[in-house]
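Here are some quick notes to read with the structure open beside you. Take the points one at a time and find each residue as you go.

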Amino acid sequence: MRKRIAALLQTIGDVLGGVAASIVMLLAVPVIYDAVARDLGHPTTWGFEITLYALIAGAYLANAQALRYGNHFRVRVLLTLFPRAARFLDWLAWGTTLAFGAVILAAGATFVQYSYVNDIRAPTLLGTPMWIPQSALPLGGLALVLQSAALLLGGRAGRSEPGFVE
């Protein structure tokens, strides 16, 4: 049962990772459009703002995939000093990441809700409602929570390869 839940969480994480990859790949479209329009003497008012928001969203959502594949920030000094404690240290790291993701999720959701209720907008010509780009924060926290839980439930702690769930 634990492995099934871990696999489901992993699948959700893969979908969010796919969304992140799609966002980053699609960033080329407005960047190229803006560059061409600027060269033709008709710069856009939205190009920089939209690409900035998309880049931030892609980065927040991609954190969970980095964690899954072992590319997330990790200090390996303790693993080198205490190789027999590797399983415990992995569980500790993933548990801490889960807690951090939960804090980011909760704080980000509060931030988004505040911006939505108070109709806070970007001080630009586009005037983007800020709750839209700010939504990347709780979604990124959710992705970290799901991926950390999948790693903890998957029972792969203490192994040298990245945190894959079978």
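1. Let's start in a loop. D119 comes out as partly exposed, with a relative accessibility of 46%. You'll find D119 in the loop between α5 (86-117) and α6 (131-134). Its backbone is worth a look too: D119 has a positive phi of about 50°, although it isn't a glycine. Keep in mind that this is a predicted model.

2. Now go to α1. This helix has 25 residues and runs 36 Å from its first C-alpha to its last, close to the 36 Å expected at 1.5 Å a residue. Which of its residues are buried? They are A6, L9, Q10, G13, L16, G17 and A20.

3. First, α1 against α3. The axes of α1 (residues 2-26) and α3 (residues 47-68) come within 8 Å and cross at roughly 140°. The crossing is left-handed. On the α1 side, the contact is made by Q10, G13, D14, L16, G17, V19, A20, I23 and V24. They meet A54, A57, G58, L61, A62, Q65 and R68 in α3. By class, the residues of this contact of α1 with α3 are nine nonpolar, five polar and two charged.

4. Next, α3 against α7. How are these two helices arranged? α3 and α7 (residues 136-154) pack at an angle of about 5°, with their axes 8 Å apart. That makes α3 roughly parallel to α7. From α3, the residues involved are A57, Y60, L61, N63, A64, L67 and R68. From α7 come A136, L137, L139, G140, A143, L144, Q147, S148 and L151. Sorted by class, the contact of α3 with α7 has 11 nonpolar, four polar and one charged residues.

5. Last stop: T51, which sits in α3. Is T51 buried or exposed? T51 is buried, because its relative accessible area is 13% and the cut-off for buried is under 20%. Setting aside neighbours within four places in sequence, T51 is in contact with L27, P30 and V31.

Notes. Residues numbered from 1 in each chain as written. Predicted model: local features only at pLDDT ≥ 70, side-chain atom pairs only at ≥ 80, totals over all residues. Heavy atoms only, no water. Axes fitted to C-alpha atoms, helices over the stretch in contact; angles between N-to-C directions. Helix = DSSP H or I, 4+ residues; strand = E, 2+ residues; numbered from the N terminus. Left-handed = near helix turned anticlockwise from the far one by under 90°. Contact = heavy atoms within 4.5 Å. Nonpolar A, V, L, I, M, F, W, Y, C, P; charged D, E, K, R; others polar. Buried < 20%, exposed > 50% of the residue type's maximum accessible area, 1.4 Å probe, protein only. Parallel < 35°, antiparallel > 145°, perpendicular 65-115°, else oblique. Expected span 1.5 Å × (residues − 1).
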